[in-house]
Amino acid sequence: MLNVPSQAFPAPRSQQRVASGGRSKVPLKQGRSLMDWIRLTKSGKDLTGLKGRLIEVTEEELKKHNKKDDCWICIRGFVYNVSPYMEYHPGGEDELMRAAGSDGTDLFDQVHRWVNYESMLKECLVGRMALKSPAPKDYCEEKKVLNGVFPQSQVTDTFAKEGHSSPSYDWFQTDSLVTIVIYTKQKDIGLDSIIVDHQGGSFRAETIIQDHSFLIYIELSHEIHEDFSVRVVENVGKIEIVLKKKENTSWKCLGHPRENHNSLIPKKDRGFLWLQILHSDLYYRKCQLISKEDVTHDTKLFCWLLPPSTHLQVPIGRHVYLKLTVTGTEIVKPYTPVSDSLISEFKEPPLPNNNYIYFLIKIYPAGLFTPELDHLQIGNFVSVSNPEGNLKISRFQELEDLFLLAAGTGFTPMVKILNYALTNIPSLRKVKLMFFNKTEDDIIWRSQLEKLAFKDKRFEVEFVLSAPTSEWNGKQGHISQALLSEFLKRSLDKSKALICVCGSTPFTEQGIRLLDDLNFPKDEIHSFTA
Ligand code: FAD
Ligand code: NAD
């Protein structure tokens, strides 16, 4: 026999009853079900009309958006553009319009308290309500100096002109923890957007927002433990850094500002300036050599351990600078971090945490830097800078064809691109790598590439040798129009394509010229340079 509860269902104060008493459902048009809404939110369509930006909304601004086709509602401090959602709302448009252009938190709590609106309306998020008073009453004097809304004058013109709101930060504490919160006001923020270092008593957090860096740089007022945690709430562009206090005392202030603290700095397009070693604005931390493995006769896979007091994940397509001091002189060269392999089962068991950074580096016996690097022993240190470069992850969105043209160690940026694209881009139909080398012995990770092509049918690799032995029966020569026109075949006539080119400067320049001759538009090409 079924054990049927004697109690009435729904229970007298259950949410189902609140729902049935508090609102009525309206019939939805065809194609406006919950599933249809979810499909729309995942389609990549810009539902806010702000192209992924998050803005700070004043009360006056909120009030202006009070019409069905332009309806903003504030719920618990976050503002949503609910116009695209109107026709999908089971309670009907009129119910949503009751909160149009205003704070709908109370209304929402009465009727939809249990609805996970943060997830339902994630793609409709416009931003946060602007704070009315910049400093809560418990702020100490120092906190006012360090904290609060970023002064408008410090926001660079370009950033404001592009329509971005300025980032800001705040901090909070419990007996044992200090949490620093950065409000980036951008949606495309990930764990690789923030670089945190704690060295001595200095705390430094650099957030990469578009082509700018937002810097928090403070001499902390009290001691903290070496390790900390970093969390990113992607849909609201919020970053939380949790520091552990050494002593359970209350901090009156976070600390004293250091150079460029609380400022938004445009990232320089260095071009070839790095050759002049203008690196005073780059920040370095010392990393320990963990292992060094031969990959080819002259190329090695280096693994370095980041300090526990650093959070650094180099975004795909970006490079860092490595620095060594040789007989009193600092030498700096750019290198592109890679993953430890192209296919996960190549490395068993995986290293216990992700605080490792890997590089594939070719050693030039007559070179300035690489022989010094090669002479380092396990346990020795090298300085690693913050990431540089300009590849935007948004270029991979909805991509259908990805073509990679790499020469020699120009393969290095392609490693993370391959891993990322094949795992994260569902629209991808074809990924093709044309890999130029002098001889067969120079090909980096050849068997991994062949295994990957075998495992993932979307991926193809073609090796082209400029100085092959007589046994080589594959493609030969340098980059040329004949090779490219045969190789760069789209999977569909008008497919969305991206072509990445990386190698020596003459190789890359020639590649770009040839792609231009073949009528590939500039916005489908990304070339890697320093
Ligand atoms: P160099 O001193 O620069 O010498 C290199 C070669 O040129 C040697 O064979 C040397 O004998 C020869 N040479 C030097 N000067 C002359 C001259 N005047 N005339 C003729 N020949 C000369 N490399 C990698 O291995 N892995 C990477 O991930 C990587 N990423 C990079 C990312 C970027 C953005 C850039 C721009 C470069 C990258 N490189 C990478 C290349 C790297 O930065 C160095 O250029 C490379 O390691 C050589 O450094 P080196 O000081 O040892 O050699
Ligand atoms: P390499 O000298 O062994 O040459 C590899 C292939 O590149 C050759 O087989 C040939 O097909 C092609 N190539 C070389 N010189 C060329 C030229 N003048 N014109 C046309 N094609 C040419 O390569 P390597 O020693 O491994 O050097 C790789 C280069 O890539 C370095 O210059 C390095 O600085 C550069 N690199 C740049 C980046 C970046 O910009 N992000 C990253 C990694 C490597």
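**View 1. Ligand 1 and its backbone contacts.** In this predicted model, a polar backbone atom of Leu368 lies 2.9 Å from an oxygen atom of ligand 1, a polar contact being a pair of N or O atoms within 3.5 Å. Lys362 also has a polar backbone atom 2.9 Å from a ligand 1 oxygen, and for a backbone N or O atom of Pro334 the distance is 2.7 Å. On its own, ligand 1 has 970 Å² of accessible area (Shrake-Rupley, 1.4 Å probe), and the protein covers 60% of this. Strand S20 (329-335) and strand S22 (356-362) each give two or more residues to the shell; strands are DSSP E runs of at least two residues, helices H or I runs of at least four.

View 2. Phe396 sits in the loop between strands S23 (381-385) and S24 (401-407), and Tyr420 in helix H10 (residues 412-424). Phe396 counts as buried because its relative accessibility is 0%, while Tyr420 is partly exposed at 23% (buried is under 20%, exposed over 50%, partly exposed in between).

**View 3. Phe403, Phe487 and Lys432.** Here Phe403 of strand S24 and Phe487 of helix H12 (residues 481-487) are 84 residues apart, yet their rings pair edge-to-face at 6.1 Å and 65°. Lys432 lies over the face of Phe487, 4.6 Å from the ring centre (NZ of Lys or CZ of Arg within 6 Å of the centre and within 35 degrees of the ring normal).

Residues are numbered from 1 along each chain as its sequence is written, and ligands from 1 in the order written, with chains lettered from A. Local features need pLDDT of at least 70, side-chain atom pairs 80 or more, while totals for chains, interfaces and linings use all residues; side-chain values use heavy atoms, without hydrogens and water.

Note on methods:
A polar contact is a pair of N or O atoms within 3.5 Å; within protein, one must be able to donate a hydrogen and the other to accept it, and residues adjacent in sequence count only if both atoms are side-chain atoms. Buried means under 20% relative accessible area, exposed over 50%, partly exposed in between (1.4 Å probe, protein chains only). Rings of Phe, Tyr and Trp (its six-membered ring) pair if their centres lie within 6.5 Å; planes under 30 degrees apart count as stacked, over 60 as edge-to-face and the rest as tilted.
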